[in-house]
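Here is a short report on a complex. It covers fold, domains and confidence.

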Amino acid sequence: MSSTASKLLTERKTEQSWGNRLCRDLVKNKVLYLLVIPVIIYYIIFNYIPMYGILIAFQNYDPAFGVRASEWVGLLNFIDFFSSIYFWRILKNTFIISINTLIFGFPAPILLALLINEITSKKFVKTVQTITYLPHFISLVVVCGMIKDFTASTGIINDLIEFFGGQRTAMLMDPKLFVPIYVASDIWQGVGWGSIIYFAALSGIDSELYEACKIDGGGRIRQTFSVTLPGIMPTIIIMFILRMGSILSVGFEKIILLYSPVTYDTADVIASYVYRKGLQEFNWSFGTAVGIFNSVINVIFLLSANWISRKVSETSLW
Amino acid sequence: MKNETIARKIFVVVNTAFMLFMIVICLYPMIYVLFASLSDSNLLMAHRGLLMSPIKTNIESYKAVLQNDMIGSGYMNTIFIVTVGVLINLLMTSLGAYFLSRRDVMLKNIIMGFITFTMFFGGGLIPFYLTVKSIGLYNSLWALILPTAISTFNMIIMRTSFMTIPASLEESAKIDGAGHITILARIILPLSKAIIAVMVLFYGVGHWNSWFNAMLFLNKRELFPLQLVLREILLQNDTQSMMQGTSVADGLSISETVKYAVIIVATLPILTVYPFLQRYFVQGVMVGALKG
């Protein structure tokens, strides 16, 4: 093709406006766009319309009037929340539970993956994996039912405590024990399943790197620190960033199942407070305002973690 | 060198012990529940400590469970939700994944952003609740199916999987005159059996175990799915609804073993299906992790 002809063709392409190209694409891929419309409708209805519902937070919402006719109160609901006697308690509990879950729950799957990786018998590996994945599939209601039963004053955990010379207590009624029970059961349910991702990462490490390390005289420990950990570090970082993004959406379903007025002092978190005040007590606007507070802080954490990660390493979500 | 081997040996021993501990810890709670459900209720209440086998085996508790209306209706509702729900999940997720995996569509990136944005920001619980209610889904089983029709995470996994299908297959189909629907139905889906199995598993288990949306949107008891019934029994001490035709004294002592039986009856389907599907979901997570 002569150079003038090809120049003409490229000019013609860039001359077409975006709108024009879009129209042609819509015609060419008509069926494709039709196929995706239900998907888009789904997201609009169940994700974007609720986002519009955020306006409720700035109103004194009354379902009878709807969003348009309800009275506007500006930041009143937020101020009510921040000045509420429970504000600091809720914030404190949310952070304590989040951070504890992070410190104990985040490394656990990584450790498990590394340890299972050291097992030589394939059959044993398979067995351990199959069994440790199992708790993840048990429903939360059943897990909480078991927790309630085992920690009851007549339950087996208290039997063991008494056997070792301790005192029996109704553990779920004790505010001091709520966080340990919550975190421990989280780990029980999630450590096996969580390790799958790290296995995937481990299998992606080039075996030549291990060879090179061995040739340089590195033993197993050296290999772990110089090859394995750096190899799965990108995965660890991404998982960590994602975790940050939901730091305040602490597993509230479980909290709602396990908590009671007796343990609100350590168990009540932002999300459970939203549920109680907003839904159970019908304070729609107030509940929405608190929910927004939750979302905004999650986004801030997510962006910060991503930004820090970008500065410090090469890995980040975007 | 020799020190290395001794240290290594110790490590292997400790590691193996730890793994055995993990196995026991993960399995024993369910085993205890199983044994307790088969035990005599009075003896069970008096018992202290771990159970190594059922005490005076009987199936009274299971009789009570299987005769109970709420359990029956709970099961029926959950089966409906899982079957219809997973079908809708598959349909919607495939459509979205198909669109997002096409190479020459203009609006793809915009729509991708539109969708993934929802993973990080949302309106919150209350606007969600009000929206679903205002559509008229309150007290309908569809409230448990439609709002959760698509999991963005799952759709991304499916999209990644679709993208591994060679473009040449689609090209030759297009030359033969195939439109998008044909390509999706005759080429992409048949080649995606593994990822579809993963989706069925992920969505299926999700529906089977879910309770929160049911609690939000249902107050007609005959609509309650299994987990919600379980919640009443296990966490709200409502075994009274289970007692039919027994004396009060009997009723009080059966309720312990009945709770255990109810757990087994509700979890059994998952436990039996689980071993067979294990390799599929491991595959699923790995596809998502490595390429997502």
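What percentage of the contacts in chain A between residues at least 6 apart in sequence join residues at least 24 apart? The figure is 64%.

## Fold and dimensions of chain A

This is a predicted model. Chain A contains 17 helices and 2 strands. Of its 318 residues, 36% are buried.

The radius of gyration of chain A is 27 Å, whereas a compact globule of 318 residues would come near 20 Å. The C-alpha trace of chain A spans about 95 × 75 × 35 Å along its principal axes.

## Two domains in chain A

Contact between the two involves 7 residues of domain 1 of chain A and 5 residues of domain 2 of chain A. On the domain 1 side of chain A that touches domain 2 of chain A, 4 residues are nonpolar and 3 are polar. No charged residues occur on that side of domain 1 of chain A.

## Confidence

For the complex, the predictor reports an ipTM of 0.84 and a pTM of 0.83.

Chain B has an average pLDDT of 84, and 89% of its residues score at least 70. In chain B, residues 243-250 have a pLDDT below 50. Beyond near neighbours in sequence, this stretch of chain B makes 4 contacts in the model.

Notes:
Residues are numbered from 1 along each chain as its sequence is written. Chains are lettered from A and ligands numbered from 1 in the order in which they are written. This is a predicted model: local features need pLDDT of at least 70, side-chain atom pairs count only at pLDDT 80 or more; totals for chains, interfaces and linings use all residues. Helices (H or I, at least four residues) and strands (E, at least two) are DSSP runs, numbered from the N terminus. The radius of gyration is taken over C-alpha atoms; the globule rule is 2.2 Å times the number of residues to the power 0.38. A residue is buried if 20 or more other C-beta atoms lie within 10 Å of its own, exposed if 12 or fewer, and partly exposed in between; C-beta atoms are placed from the backbone. pLDDT is the predictor's confidence in each residue, from 0 to 100. Ala, Val, Leu, Ile, Met, Phe, Trp, Tyr, Cys and Pro count as nonpolar, Asp, Glu, Lys and Arg as charged, and the others, Gly among them, as polar.
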